[in-house]
Amino acid sequence: MRVLLAYLAVVLIWGTTPLAIQWSVEGVGAVFALSVRIAISLVLSYLWMRFQGLRMVFTAESMKIYFATVLGVFGAMMCVYWASRFIPSGLISVMFGLAPIVAGLFAWWLLQESFIRANKLLGACAGVVGLMVIFQDQMYLGPDGWKGMLGMLLSVTLYALSSVLIKRVGGGTPAVVVNTGGLLVTVPFFAMSWLASGQSWPDEIPLRAMAAIGYLAVFGSFAGFILFYYVLKRLPTGSVMLITLVTPVIALLLGSAVNGETPAVSAWAGAAVVLSGVLLYEWPAISQLVRKRVY
């Protein structure tokens, strides 16, 4: 039950992330917003770790874990923000829908997790098709669209590889320690990126941007990452990566309720296809659970 609640919490948190990111960069720029978000999250994660009576560990194994998180936090995030200059946000969501497939292949190779099964492959592909239906109006590519596609392929690969490596070497390391160490190693990369971008400290930070950065720091990178690492240690990697299929559907509902957006009928049809794909992917586990409840 704890794992299920943590999983649902990650889905809800990451489902609100796209809208929060959109608000967080208003008037301050993406690199600044990201750097401040990660720095605040590091402080919160460290304080929570100390509150639990835990300490940082700097062994060879722990450093492998921390640098594995750099791939997913810094590498994947920076690739997404770079790719967003060339392709629309809807296509970014579709590309991230490939994460269960990429992560499943990495997990099959590095963790010997079962992935090459019809229901998993079909379910993951159905999820990607559903995302394409949802964002069909944003599937166009401009002259430099290929750059965005390559950037997103790299982002998805880094994100999936990072998750698999953390699961492989994480062992019994508490999730909050993994998060704190990963953010600690990641912050200098963001700081250097901010300096390299030539951006200065903004003269004024809009209230909505400030609130969005705070939300992303507290929930997106602090609570969200800790819960993600907690779930990752306890579930197959491919199942965890299904979050990337479900969160665009949550974002669709949120945009409709909060941001005044009116999704087309095809968007709701695509959402149904995505959820059907998720059910197909997890069908053996679902059917087994149903049989246990019935008998």
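1. The model is predicted, so to speak of local features takes pLDDT of at least 70, side-chain atom pairs count only at pLDDT 80 or more, and totals for chains, interfaces and linings use all residues. Numbering runs from 1 along each chain as its sequence is written, and side-chain values use heavy atoms, with hydrogens and water left out.

2. A salt bridge here means a side-chain nitrogen of Lys or Arg within 4 Å of a carboxyl oxygen of Asp or Glu. Asp144 is partly exposed at 35% relative accessibility, and Lys147 is partly exposed at 26% (partly exposed sits between buried, under 20% relative accessible area, and exposed, over 50%, using a 1.4 Å probe and protein chains only).

3. The structure has three salt bridges in total. In one of them, Arg208 pairs with Glu26, and their closest N and O atoms are 2.7 Å apart. Arg208 sits in helix 9 (residues 207-232) and Glu26 in the loop between helix 1 (2-24) and helix 2 (30-51), so this pair ties together parts 182 residues apart in sequence. Helices are DSSP runs (H or I, at least four residues), numbered from the N terminus. Arg208 is partly exposed at 40%, and so is Glu26, at 27%.

4. Then there's Lys64 with Glu61, closest N and O atoms 3.4 Å apart. Both lie in helix 3 (residues 60-83), three residues apart, which puts about one helical turn between them. Lys64 comes out partly exposed at 48%, and Glu61 likewise at 41%.

How values were computed
Helices (H or I, at least four residues) and strands (E, at least two) are DSSP runs, numbered from the N terminus.
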